Amino acid sequence: MNSNKTAPNRHGSAVITLPSPTEILITRVFDAPAALIFKAWTTPELVKRWWGFETSKWLVCDIDLREGGQWRYVIREGEVEVGFHGEFKQINRPHRVVSTEVYEGFPDAAALNTVTLEEVNGVTTMKTLVQHEKPEHRDAHLASGMESGMQVSYNRLEDVVQQLAVPLGHSEGPVLQAPR
Amino acid sequence: MARTPTTTDAFNAVAEASRRDLLDALGTGEATVSELVERLGLSQPQVSKHLAVLRAVGLVLVRVDGRHHWYRVNGPALKPIYDWVRMFERTWNARLDRLEDLLEELKTQEEEP
């Protein structure tokens, strides 16, 4: 028997906390093994399918996955090109990647990103710790997400509206969770 | 929705680690200065100084009972910070929801011969 029934997803369950004035911590649980998440996070063809925004057009997605290797993402949002790049500092496949991240629009504010994947019985908790050098850089980072978050919210609203027109039986409303 | 530029808003009040510890120490209950001194291991003048900043921006309220001052967190005053972070959270939620959908697809592919 081939069952197409998928497990209920965990949409909207990422939790953002601010452990210190210079840090952002993003925590999300996936019903998938760490190795698969690692692959989705480090393979350009797969990164293009989830990173950025649904409206993003990819121009560059380079990943040289080795310590000292460089990565660079450039996407186009409407008329605007947005670039990010950095260097891999530590790679412990498939549990940990430490890399730098520079937003090319604000090159003085480099961040250090530590992604950890902890798997228990096929369920993986992913933690992304973003460490900035200065509180004002951290705050600018958050504020930039705020702006695009607005756009994404409207896009998602649009999706929900379109789904209402098509009875598919698989539309999830947005779930908001307070940061702890 | 820009962060207010004044020096006495909730954002600045919680930018200091000791003041976040103080809010954590208060939690959902009430405490006196001497209880907070004990919980945090800070000096009494330090605790009083930080409480004064938190009170100035409305993050902490005080109730006077005889000669005791009871301090508590004023939840609604934290809302601007919550709202601000939540927008960023939405961006990441949308991104990670797409990652989750992709993982489901990859899992199915790997199961197939």
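I started with what touches what between α1(A) and α5(B): A:Leu36, A:Ile37 and A:Ala40 meet B:Leu99, B:Leu102, B:Leu103, B:Leu106 and B:Lys107. Contact here means C-beta atoms, placed from the backbone, within 7 Å. By class I noted seven nonpolar residues, no polar ones and one charged; Ala, Val, Leu, Ile, Met, Phe, Trp, Tyr, Cys and Pro count as nonpolar, and Asp, Glu, Lys and Arg as charged.

The model is predicted, with local features needing pLDDT of at least 70 and side-chain atom pairs 80 or more, while totals for chains, interfaces and linings use all residues. Residues are numbered from 1 along each chain as written, and chains are lettered from A in the order written.

Next I checked the geometry. Helix α1 (residues 34-42) of chain A packs against helix α5 (residues 79-111) of chain B at about 115°, axes 10 Å apart. Axes are fitted to C-alpha atoms over the stretch in contact, and angles run from 0 to 180 degrees between N-to-C directions. Helices are DSSP runs of H or I, at least four residues, and strands are E runs of at least two.

Then I looked up A:Ile37. Beyond its neighbours within four places in sequence, A:Ile37 contacts A:Phe30, A:Ala32, A:Leu117, A:Thr124, A:Met126 and B:Leu103.

Of its 23 residues, A:Ile16, A:Ile37, A:Ala40, B:Trp92 and B:Leu103 touch the most other members. α5(B) gives the most, seven residues.

Last, chain B: I found five helices and two strands, running α-α-α-α-β-β-α from the N terminus.

Definitions and conventions:
Contact = placed C-beta atoms within 7 Å. Core = buried A, V, L, I, M, F, W, Y, C linked by C-beta atoms within 7 Å. Buried ≥ 20, exposed ≤ 12 C-beta atoms within 10 Å, placed from the backbone.
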